[in-house]
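Hi,

Here is the structure I promised to pass on, with some notes on what turned up in it. Have a look at it first, then read on below.

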Amino acid sequence: MTGRGWLLLGGYRLLALALTPVWLALLLMRLVQGKEDPRRLVERLGWPTRRRPPGPLVWFHCASVGELNSLLPVLRQLGPLPVVLVTTVTRTSAALAARVLPARVIHQYVPIDHWLAMLLFRSYWRPRLGVLAEAELWPELMLAMPHLLLINARMSERSYQRHRRHPWYAAWLLAAVEMCLAQSQADAERFRRLGVCDARALGSTKLDAEPLPVNAVHLSRLRQAFAGRLVLLLASSHPGEEQQWLEAWAGCDAAARPVALLLAPRHPQRALGVREQAAALGFTVALWSELLAGATPLHPDVVVADVIGEMGVWIRAATVVVMGGSFHPMGRPHGGQNPLEPVALGRPVLCGPDMANFSDLIEPLIEAGCLQQHPDMATTLAAALALLASAPRPVRPQLRGPSQLVASLVRDRCR
């Protein structure tokens, strides 16, 4: 690290020390809001709740559910590495980790980006290699991950321009990166311009993900509730998108929509609010948990998902899938959600104009005939109705990602 780098690091750590009460207050606020797990809050302060087995340890970090799913193909390829640690941020990703991570993999919440928390965390776990998925670029986190490897790396034009305004900061932040495996050529080029020496465009490990599991009993229950109707799924939606979709749906001629709606908010704790929105427009509505318990109205117009881990069931039940996060929720760009999950199950996918998070996938998926992109909610709904009327055939494009290469790089660096 250069002299300027040490100066920046010292300044960042002094600021963090001065703002320690603010860090703790924010953590307490998140706890009150239900965004932190009270049983494991100490992990966010760097305190471990699992025993560290002996041997070299590889530390993978991913922020939330999508990034965690992207790690699974790599973890399957790793083989008998002695110790693998996966950290995440959100409670939903922790709940998913408990179900999908291999038995040998340890999960912990990542500490807050405070040098004391990171010092405690790193001193206990002693990682030999750090692998960071996508774009969680926090200073203490990156400095704590030795021989840092970025995978599925993304750098939007907006983020790139923001970093370009402070090139000295970007150079310091990215100096810890030994290798960057970017999702696209544009992403790789932006990382190179910001100072990463070894940046390669190899795509996303999400391309190697296995189709989502499907609970046959739950699928049968859902099909019974929909009584043979075609199903239109709005998947991984964000605040504002459900209301837009419901209003557009309510504005259709009733004869033109002899299908059922399935709404799966990105954050299931919003399900009650979404149910109220649908009910206010005159639809009969059921929550997914109520449907499984048998306490729902007969053949509801709308089912709202209020759990995680059942996306495979919802996609398999759907005739057409619309991806959330792509319609500028609340007027802000979000970048869209992963279209590969419904594609892997053979469902046609529609999305809005903002799919920046998957810009490298849009063109090949459109060319393969399994994705349509539209400028707004109204044209997306019209296209969805046209697809529903045509009984689309399953299309599964052959796409491959770099999971095997990432696993090989990790194994080589752990020897």
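**What I found**

In helix H4 (residues 91–100), the buried residues are Thr92, Ser93, Ala94, Leu96 and Ala97. Among the elements covering them are helix H3 (65–78), strand S2 (83–88) and strand S3 (105–109). Please keep in mind that this is a predicted model.

Next, the nonpolar cores. The largest one has 36 residues, and the members that touch the most others are Leu222, Leu233, Met311 and Trp314. Helix H14 (residues 311–317) is the top contributor to this core, giving five residues. There is also a second, separate core of 32 residues, with Phe121, Ala153, Ala182 and Phe191 among its members. As background, nonpolar side chains tend to be buried together in soluble globular proteins.

If you set aside neighbours within four places in sequence, Trp314 is in contact with Leu222, Leu233, Leu262, Ala264, Trp288, Ala305 and Val307.

Then there is the second largest pocket, with a volume of about 260 Å³. Its lining is made up of 15 residues, of which Trp23, Arg44, Ile112, Asp113 and Trp138 are the closest to the pocket centre. Which helix gives the most to the lining of this pocket? That is helix H2 (residues 20–32), with four residues. Sorted by class, the lining of the second largest pocket comes to 10 nonpolar, four charged and one polar.

How values were computed
Residues numbered from 1 in each chain as written. Predicted model: local features only at pLDDT ≥ 70, side-chain atom pairs only at ≥ 80, totals over all residues. Heavy atoms only, no water. 1 Å grid on protein atoms, 1.4 Å probe; cavity = no way out; pocket = protein on both sides within 12 Å on 5 of 7 lines; lining within 4 Å. Points joined across faces, edges and corners; volume = space filled by probe spheres on them. Helix = DSSP H or I, 4+ residues; strand = E, 2+ residues; numbered from the N terminus. Nonpolar A, V, L, I, M, F, W, Y, C, P; charged D, E, K, R; others polar. Core = buried A, V, L, I, M, F, W, Y, C linked by side-chain atoms within 4.5 Å. Buried < 20%, exposed > 50% of the residue type's maximum accessible area, 1.4 Å probe, protein only. Contact = heavy atoms within 4.5 Å.
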